[in-house]
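Look at the fold below.

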Amino acid sequence: MSATPPANTASPALTFYTANTPNGQKVSIYLQEAGLPYRQVDVDLGKGEQRRPEYLAINPNGKIPALVDHGEGVTVFESGAILSYLSSHYGALHPAGRHEQWQVQQWLHFQIGGIGPMLGQLWWFRHGSGSGNQEAIERYSREAHRLYGVVDRRLAESAYLALDQYTIADIAAFPWLRTHDELELDIGQYRHVVRWLERIAERPAVQRGLAAVRPPKTAAQDPAEA
């Protein structure tokens, strides 16, 4: 595992363990959006660093990302839990009202339970398994299209996924839904999703967050390892 400098010169209270997958990208984006100082540790999934004892002591599930908040003495794993922890504890992109908070949480969990697993399986059968399992590819392609449809209908009535303002629900879904080309999905029919992807991709903090976890000239990493 290799460390990179913190986001700014302040002494970082946060250590962020990550790799260049959608789940790693989403936390990187949040940290940039919130302007929080942190130290980043890059976990090489190809070398199996996520299964080393020192990392399993941080995340017993052996996945990325993970976060240590040294100031609070808190360790958090699972990307959705990390986003919820950071937004609620540090306040950035965290709506004040309980109703709005639950709107965010339900769409965040929609990504965690639906978008991520289904698109991750499609990635695996297209790029990772080597078996050319056409039945699996068709199954997960259909489910991916269904999920894009759910998001498109939501975005037809709301500027962003959970609320009419940008939240961690958008940050969670964006890195997954932007992979449509890699997944060989034609999303032209989902015009509201296309608009939303373009709007989020234009945010400077999103661009910094994606760049921060992107190693130069490396192969794509398996989302299932994240």
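I171 lies in helix α6. Helices here are DSSP runs of H or I with at least four residues, strands are E runs of at least two, and both are numbered from the N terminus. The model is predicted: local features need pLDDT of at least 70, side-chain atom pairs count only at pLDDT 80 or more, and totals for chains, interfaces and linings use all residues. Residues are numbered from 1 along each chain as its sequence is written, and side-chain values use heavy atoms, with hydrogens and water left out.

Is I171 buried or exposed? I171 is buried, at a relative accessible area of 2%. Buried means under 20% relative accessible area, exposed means over 50%, and partly exposed lies in between (1.4 Å probe, protein chains only). Leave out residues up to four places away in sequence, and I171 touches K26, I29, Y30, E33, L83, L93 and Y166. Contact means heavy atoms within 4.5 Å. Q134 is another matter: I171 and Q134 are 37 residues apart in sequence, and their C-alpha atoms are 31 Å apart in space.

Now take the helix pair. Two packed helices are described by the angle between their axes and the distance between the axes. Helix α6 covers residues 168-177, and α1 packs with α6 at an angle of about 140°, the axes 8 Å apart. Axes are lines fitted to C-alpha atoms, for helices over the stretch in contact, and angles run from 0 to 180 degrees between N-to-C directions. The two helices, α1 and α6, are therefore oblique to each other. Angles under 35 degrees count as roughly parallel, over 145 as roughly antiparallel, 65 to 115 as roughly perpendicular, and the rest as oblique. The crossing of α1 past α6 is right-handed. A crossing is right-handed if the near helix is turned clockwise from the far one by less than a right angle, and left-handed if anticlockwise. From α1 come P22, N23, Q25, K26, I29, Y30 and E33; from α6 come I168, I171, A172, F174, P175 and W176. By class, the contact of α1 with α6 holds nine nonpolar, two polar and two charged residues. Ala, Val, Leu, Ile, Met, Phe, Trp, Tyr, Cys and Pro count as nonpolar, Asp, Glu, Lys and Arg as charged, and the others, Gly among them, as polar.

Q25, S28, I29, Q32 and E33 in α1 meet A205, V206, R208, G209, L210 and A212 in α8. The residues of this contact divide into five nonpolar, four polar and two charged.

How enclosed is α1? Eleven of its 13 residues are buried, so α1 is largely enclosed by the rest of the structure. The buried residues of α1 include P22, G24, V27 and L31. Their cover includes β2 (14-18), β3 (38-42), α3, α4, α6 and α8. The length of α1 fits as well: at 1.5 Å a residue its 13 residues should span 18 Å, and its end C-alpha atoms are 18 Å apart. The expected span is 1.5 Å times one less than the number of residues. Just after α1, G35 takes a positive phi of about 70°.

At 2% relative accessibility, Q111 counts as buried. Beyond its neighbours within four places in sequence, Q111 is in contact with K26, G116, P117, A172, A173 and W176.

Helix α3 has twelve residues and reaches 16 Å from first C-alpha to last, close to the 16 Å expected at 1.5 Å a residue. Its buried residues are S79, G80, I82, L83, S84, Y85, L86 and S87. They pack against β2, α1, β4, β5, α4 and α6. Just after α3, G91 takes a positive phi of about 95°.

The backbone comes last. Most residues other than glycine have a negative phi, and most peptide bonds are trans. E78 has a positive phi, near 75°. E78 sits in the loop between β5 (74-77) and α3 (79-90) and is partly exposed, with a relative accessible area of 39%. L93 also has a positive phi, about 60°. L93 is found in the loop between α3 and α4 (98-128) and is partly exposed at 25%. A cis peptide bond joins I64 and P65, with omega about 5°. P65 is placed in the loop between α2 (53-56) and β4 (66-69).
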